[in-house]
Amino acid sequence: MRYHNITKDDMLNGDGLRVVLWVAGCNHCCKNCQNPITWDPDGGLPFDEAAREELFEQLDKDYISGITFSGGDPLHPANRLDVRRLMAEIRERYPHKTIWLYTGDSWENILYYPLMKYVDVVVDGEYREELHDQKLLWKGSSNQRVIDVQRTLEKTDPLSPVLHCGDYEQAYIDVKKPENVRGCCD
Ligand code: SF4
């Protein structure tokens, strides 16, 4: 697996303050994607031991709520196995931290991937410019869904996802949540 960046104390890609791993590789080619530089699975840097330690150093901090996998697409075939292994290790070392995953793929295609057992929240679907709404929290266009993975997988019909509402009110309390920010369950 290769990656472009690791961002710290991020509050735009999930609940609380998070560390975000931006992987290389995406084949969704969404029109006006904000990160086309991440499409090439051979771009960026190798995800090596130093990068792994950089993530763990962040997850060791009490105030870090968890990790978000983004990109690129962490479920690109070039990434899937390494992402699964990394998630397994994180789940074991940090059982109380949350794992979020952004993907351009749809929930219906990915819900049975083995790595889903480690994931708390998936933001699914390709970015669709005509459905862009800057008031949306955690997603760029209204077709995307913020899914509570474990509650959905417990259902008899997991194809009908349970949405994750999250703690956005709390997250925005210090920055005076704008009146027009909409939660993911609105
Ligand atoms: S899935 Fe995300 S990274 Fe991939 S093309 Fe679409 S917006 Fe860009």
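Modeller: Strands of a sheet pair through backbone hydrogen bonds, either parallel or antiparallel. Here seven strands make an open sheet with mixed pairing, in the order β3-β1-β2-β4-β5-β6-β7. Because β3 (45–46) and β7 stand at the edges with a single partner strand each, one side of each has no neighbour in the sheet. Strands are DSSP runs of E of at least two residues, helices are runs of H or I of at least four, and both are numbered from the N terminus; two strands pair if DSSP finds at least two bridges between them. The model is predicted: local features need pLDDT of at least 70, side-chain atom pairs count only at pLDDT 80 or more, and totals for chains, interfaces and linings use all residues. Residues are numbered from 1 along each chain as its sequence is written.

Biologist: How many bridges join β4 to β5, and which residue is the bridge partner of F69 in β5?

Modeller: β4 and β5 run parallel and share four bridges, with L101 of β5 as the partner of F69. On its other pairing, β4 is parallel to β2 over six bridges, where I64 of β4 partners L17.

Biologist: Is β4 mostly covered or mostly exposed?

Modeller: Burial is a neighbour count: a residue is buried with 20 or more other C-beta atoms within 10 Å of its own, exposed with 12 or fewer, and partly exposed in between, the C-beta atoms being placed from the backbone. In β4, six of the seven residues are buried, while 34% of the chain's 186 residues are.

Biologist: Which residues touch the most other members of the largest nonpolar core?

Modeller: A nonpolar core is a set of buried Ala, Val, Leu, Ile, Met, Phe, Trp, Tyr and Cys residues joined through C-beta atoms within 7 Å. The largest has 31 residues, and L21 and V122 touch the most other members. Elements giving two or more residues to this core include β2 (17–23), β4 (64–70) and α2 (80–93); β2 contributes the most, with five. Contact means C-beta atoms, placed from the backbone, within 7 Å. Residues up to four places away in sequence aside, L21 touches Y3, I6, L55, I67 and F69.

Biologist: Why does A51 count as partly exposed?

Modeller: A51 counts as partly exposed because it has 15 C-beta neighbours inside 10 Å. A51 belongs to helix α1 (residues 49–59) and, beyond neighbours within four places in sequence, contacts Y3 and I6.

Biologist: Where is the pLDDT below 50?

Modeller: pLDDT is the predictor's confidence in each residue, from 0 to 100. The chain averages 91, and 89% of the residues score at least 70. Over residues 169–183 the value is below 50, and this stretch has 15 contacts in the model beyond near neighbours in sequence. Where pLDDT is low, the predicted coordinates should not be read in detail.

How values were computed. Contact = placed C-beta atoms within 7 Å.
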